[in-house]
Every structure is written in C-alpha cells, then in structure tokens.
Amino acid sequence: MHIEYFPEHRRFVLTTAASTYAMAVNGAGALVHLYWGARVDRVADLPPAPAGQDQVSHQEYAAWGEYFFDEPALKATFADGVRDTRLRYAEHAIVRDGAASELRIVLRDCHYPLVATLVYRLYDDSDVIDRHAVLSNEGAAPITLECMQSAVWHPPVGNGYRLSYQT
C-alpha cells in the first residue's frame, strides 16, 4: 500500500494490494479523476489527464458551476449570491502515520475564501481507500452550503454497468 506523487505529470497514485486510484492536476489547475480499478503497477499505463473542453468535466471534487453539468459534490452560495464555485489545486501533503498512509489535497476557490481539503487514507492491513472532504471558510462573510458530499464518482463511458453496493 502506498501513495505516490509524480511531479512531472502532476499525478497522484494510490495503490492498495488489489486496486489503484489515480488523479492529476490538469492544465486548468483542476484536480481530475483518471482511474479507479484493478491494480496498475506502471504509472505510464494510466490514462492521461483530460485536455481541451473535457478539462472541467472529470473533476475529482466537482462543485456547482463552470461547465460541469452532472450532480456535483459541492453546492455553495456565497454572501453576494454567487453560486459558481471553481476549485483549483493549491498544495498537497503525504503523511505516513503508523499502519496508515494519508494524502491531503488542498483545493481553493479562484475568487472566494472557500477551501476544500480532500483526505485519502490507505491502511496496511486492508484493501480500502478511506476518503472524506473538509471545507473551510477562510473569510468573514458567510458561505451557505446546500450540499457537501465526501465524493462523487462518475463511471467511465460504457455499457452494462451494474452497481450492487456502495457505502
């Protein structure tokens, strides 16, 4: 079990005994989802970050607004009535804590003092990726949260999907 960051491609790769979860910071500064599935041992075998008009649609923690039209993980209204949230990569940290490894990715809104910290945790004794999000208002004006989810996952384009259980 390990968490790696590849600065040359701005990719994050979380690897458990049987699975891989991968994200990248794209050219627009958004954190985008790349892969979640069977274990991949070579980072070169992962798909590239979306480019062009697709840069926004595969966000790892999509917020209401921009060109994202699916159900977002975050819906916020700022004090001035604006509901468009644009989260961009700011920084990250990888920490080893006993029998677990943790990745914290900080996303900041481009115009408002809203910060989302995505936390991913891998445990040595299981094949689980634990994930949650922490939101912070770093300003004085209130921010109203209509919806805040730990994550939203959109299956890749294809046919024959069947979701039997998710928690």
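Rings of Phe, Tyr and Trp (its six-membered ring) pair if their centres lie within 6.5 Å, and the pair counts as stacked with planes under 30 degrees apart, edge-to-face over 60 and tilted for the rest. The model is predicted, so that local features need pLDDT of at least 70 and side-chain atom pairs pLDDT 80 or more, whereas totals for chains, interfaces and linings use all residues. Residues are numbered from 1 along each chain as its sequence is written, and side-chain values use heavy atoms, without hydrogens and water.

**View 1. Aromatic pair of Tyr5 and Phe12.** Five aromatic pairs are found in a search of the whole structure. Tyrosine 5 and phenylalanine 12 make a tilted one, 4.7 Å centre to centre with 35° between the planes. Phenylalanine 12 counts as buried because its relative accessibility is 0%, where buried means under 20% relative accessible area, exposed over 50% and partly exposed in between (1.4 Å probe, protein chains only). Tyrosine 5, at 25%, counts as partly exposed.

**View 2. Stacked pair of Phe78 and Tyr112.** The ring centres of phenylalanine 78 and tyrosine 112 are 3.9 Å apart, with 10° between the planes. Phenylalanine 78 belongs to strand S5 and tyrosine 112 to the loop between S7 and S8, 34 residues apart, strands (E, at least two residues) being DSSP runs numbered from the N terminus.

**View 3. Surroundings of Ile105 in the largest nonpolar core.** This core, a set of buried Ala, Val, Leu, Ile, Met, Phe, Trp, Tyr and Cys residues joined through side-chain atoms within 4.5 Å, has 27 residues, and Ile105 is among those with the most contacts inside it. Strand S8 gives the most to this core, with five residues. Leaving aside neighbours within four places in sequence, isoleucine 105 is in contact (heavy atoms within 4.5 Å) with residues including Phe12, Met23, Tyr89 and Leu118.

Notes: Helix = DSSP H or I, 4+ residues; strand = E, 2+ residues; numbered from the N terminus.
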